[in-house]
Amino acid sequence: MKGKNVSHKTFYIDGEKIAETILYKEGFEGRPAFLVYWLKLGGFTVEDYLIIGEEKIKPTPPSKYPYPPYVFDFNDKLKAPDPKILFEKVLQEFRRYVDVEDEIRVLMSSTTMLSYVQELFETISYIHLLGDNESGKTHTLLLFAALCYRPLYGVSIPSADLYTFLGSDGHIPTIIEDEIQGVERDSEKAKIWKVGYKRGAKVPRITIKTNGEREIEYYPAYCLKISAGEKLIQLKGLAERFITVNMVEGDPESDEYTREDYERFQKLRKELLLWRMETLIDSTWPPNLEIPWLKKRMKELYKPLLIVASVHPEHYKTLERFVKERVEERIKERRDSFEGYLTQTIMKLIGEKESLEIPAEDIWVRLKIDLNGIDHPSKPNQMETEPFGIITKQKVGRRLREVLGSKTISKRVEESVKRVHVFEARKVLKAAKKYHVTDVTNVTDILGDIELQKGLEILEKA
């Protein structure tokens, strides 16, 4: 072994094998070792080290990571379990300790198994448990921490700890954070959460060296993240990455974890690790799951979970129903949002006026009608509406530019010069698709070319 460079790793994979650091026990003594799955052999071995090229790789000792080690001994059967049976075992733990609807337990079980195969997906889900004190949030997070793949669990985890953990030796871990409210005020942590849903994402961090020089280092941010808090995430762009689970005080079968429970969790973790190793090196997984009704952001959030749940067809159907309900809720939220109403109003006016040039005054009047708005008694540029509170002309103009891409010009209209919003047909169509405005029968001729009309026909059928 002379001349070999020596390093420590928790995880290693190439085309021939996959290795995970474990604690291997022989009698009462335990030592760090690699559990290795060999593709050609189709089986597992335990190794004290690996030789990769000119490098000798040793397993990372348990003192270097923040979670309990995966403990194996010579009595363990080193064989990956049936994933359907494995899913059922995980689900039984969530049924025992978490008092929520069963579809949510299926979601949580899928999330746990997803943590073990994150490398196979382009995007990953975030889960946020939302609830008041004593709603079971922390109790549930502890179960995630006991079962998920190599987790960092903590309360209001400092960003420095996240960077150190994520910058370790190549594996994709799990972040589990309690009391996350206020993350938007921690710009360093928010960066990790905001971009870390996409595989390959990295975040820069400036460090000061001992000689005073500034150095930029890039840390991997992609991994499954599970959080809990008493408030919704307020940071725009980040909140949309989360699947929010509302927690209320309940009566689970068991509201505490005993030593026997953790011993059972340890056995289940080993099965999950064995399944992970065989699955990651299996070129036939994940299955090509066609879900035509799942699109864009919702597809990013839920497709990985549905693929994992597909190992158990019965529970897949339960999760599928849940996801379809969430998709419908999202469609309704967008359609009923201020931007949705604004887009509907513009579509109506384009149809009535047979023009893509709409006076700002006409938009304001039509919005007031559509929203049953009441003029402010002393401020002519404001109206009071029931669904959205006070709306100002300034806000309307800003959202028209941001959402529908309008440009404003001054133009003579019926004996006077007015401020006019000019719209582009394609941007109007994009907004209509985004906010699910399907009543477009009056604008197909006005919005122009053949390709655009095809898009509108698709939109009408959506």
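Tutor: Partly exposed means a relative accessible area between the buried cut-off, under 20%, and the exposed one, over 50%. Keep that handy, and remember this is a predicted model.

Student: Okay, so where does glutamate 424 fall: buried, partly exposed or exposed?

Tutor: Glutamate 424 has 37% relative accessibility, so it counts as partly exposed. Lysine 427 comes in at 35% and is partly exposed too. The two side chains meet in a salt bridge, with N to O at 3.7 Å.

Student: What's the general idea behind a pairing like that?

Tutor: Side chains of opposite charge can pair when their charged atoms come close. The cut-off used here is 4 Å from the Lys or Arg nitrogen to the carboxyl oxygen.

Student: How many salt bridges does that rule give?

Tutor: The count is 30.

Student: Which residue does arginine 366 pair with?

Tutor: Glutamate 352, in a salt bridge with an N to O distance of 2.9 Å. This pair links distant parts of the chain, 14 residues apart: arginine 366 sits in helix α10 (residues 360-370), glutamate 352 in helix α9 (residues 338-353).

Student: And is arginine 366 buried or exposed?

Tutor: Buried, because its relative accessible area is 18% and the cut-off is under 20%.

Student: Which residues are linked in a network of salt bridges?

Tutor: Take Glu20, Glu119, Arg150 and Arg276: salt bridges join them into a network.

Terms used:
Residues are numbered from 1 along each chain as its sequence is written. This is a predicted model: local features need pLDDT of at least 70, side-chain atom pairs count only at pLDDT 80 or more; totals for chains, interfaces and linings use all residues. Side-chain values use heavy atoms; hydrogens and water are left out. Helices (H or I, at least four residues) and strands (E, at least two) are DSSP runs, numbered from the N terminus. Buried means under 20% relative accessible area, exposed over 50%, partly exposed in between (1.4 Å probe, protein chains only).
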